[in-house]
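Biologist: Hi! Could you walk me through this one?

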Amino acid sequence: MIDRPDSEPTPLDDAARAGWLYYVAGLTQDQIARELGTSRQRAQRLVSRAISERLIHVRLEHRVSACLDLEAALIRRFGLKLARVAPSLGAEVDPLPSIAPTAAAEIERVLRSEKPTVVAFGTGRSLRATVEEMTSMVCEHHKIVSLNGNISADGSASYYDVIFRIADRIRAPHYPMPMPVIAQTAEERELFHSLKPVQSVLRLARNAGVTFVGVGQMGEDAPLLKDGFITEAELREMQDLGAVGEVAGWVYDSAGRYLETSINQRVAGVRVNVADDRAVIAIAGGRRKLAALAAGLKGSLFNGLITDELTARALLA
């Protein structure tokens, strides 16, 4: 078998070139086909593959006027420091593909600051999707830190932990939280907190200048349940106490008050609290998260929000 020379293009190389020609150079699919010496149908497939393989990231740079109006309304209604509203994709469509690029642009704006900053990150699907949309940067003067643990009950790493992924993207010093998301007992949690390396990470996270978090719902599809951090019985117990949402594993009720439950006594990471001189920015959207978002805004659990049009309108209704 003859090895492929390094200079010989692979199918992904062709897809990347086709995506670049279409989205950056502005060529039509007929022009791309001629440029690559292939058929129009294959050129179309290559452009589609460039997106599906995440070789090309499409980001709307123009701020749509309707979105700007919603941002201003959210800031006024809820006293936010920051609001970003992405164009909606449709009533029954997952808004995350629209929210994630908008959130990525905001994180990049923070990281472009020349002032050294500690930036804290929660975990979850929204943050993972956001990190995938970020461009590569060199941010060696910043520090990034995880808000919560990254270990499941069975000892496996959490699939939606983002600290290592973002560190790869921005080449910044990073500080993971080497603990379970939820400890088995309150005593185990205190044992972890007594370790000096953990104490250092906890201090960084508590004093972060900017914090980005996802928001989890507490219905039957609660991320804490789906990801194996709590049992169905524990979910029912918290629902009976009025749980509607969670941030970094900390569960709260419809008034945005953290619950006094056995689960919250075992959450190993940092409880998010808003301070006047710090930004806590939630990244979330969609019908399933409305109750959790509304409660978090009511209780001022975060003072920034990145969401989509339909979610923003529902929150303001």
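Modeller: Happy to. Let's start with a definition: a disulfide is a pair of cysteine sulfur atoms within 2.5 Å. This is a predicted model, where local features need pLDDT of at least 70, side-chain atom pairs count only at pLDDT 80 or more, and totals for chains, interfaces and linings use all residues. Residues are numbered from 1 along each chain as its sequence is written, and side-chain values use heavy atoms, with hydrogens and water left out.

Biologist: Thanks! How many disulfides does the rule count?

Modeller: The count is zero disulfides.

Biologist: And C67, buried or exposed?

Modeller: C67 counts as buried because its relative accessibility is 3%; buried means under 20% relative accessible area, exposed over 50%, and partly exposed in between, with a 1.4 Å probe and protein chains only. C139 is buried too, at 1% relative accessibility.

Biologist: New topic: how many aromatic pairs are there in the whole structure?

Modeller: Three aromatic pairs turn up. One of them joins W250 and Y258, edge-to-face, with 6.3 Å centre to centre and 70° between the planes. Rings of Phe, Tyr and Trp (its six-membered ring) pair if their centres lie within 6.5 Å; planes under 30 degrees apart are stacked, over 60 edge-to-face, and the rest tilted.

Biologist: What about Y252 and Y258?

Modeller: Y252 and Y258 also pair edge-to-face, at 6.5 Å centre to centre and 85° between the planes. W250, Y252 and Y258 form one aromatic cluster. W250 and Y258 are buried, and Y252 is buried as well.

Biologist: Which residue lies over the face of F78?

Modeller: That's R77, at 5.9 Å from the ring centre.

How values were computed:
A charge sits over a ring if NZ of Lys or CZ of Arg is within 6 Å of the ring centre and within 35 degrees of the ring normal.
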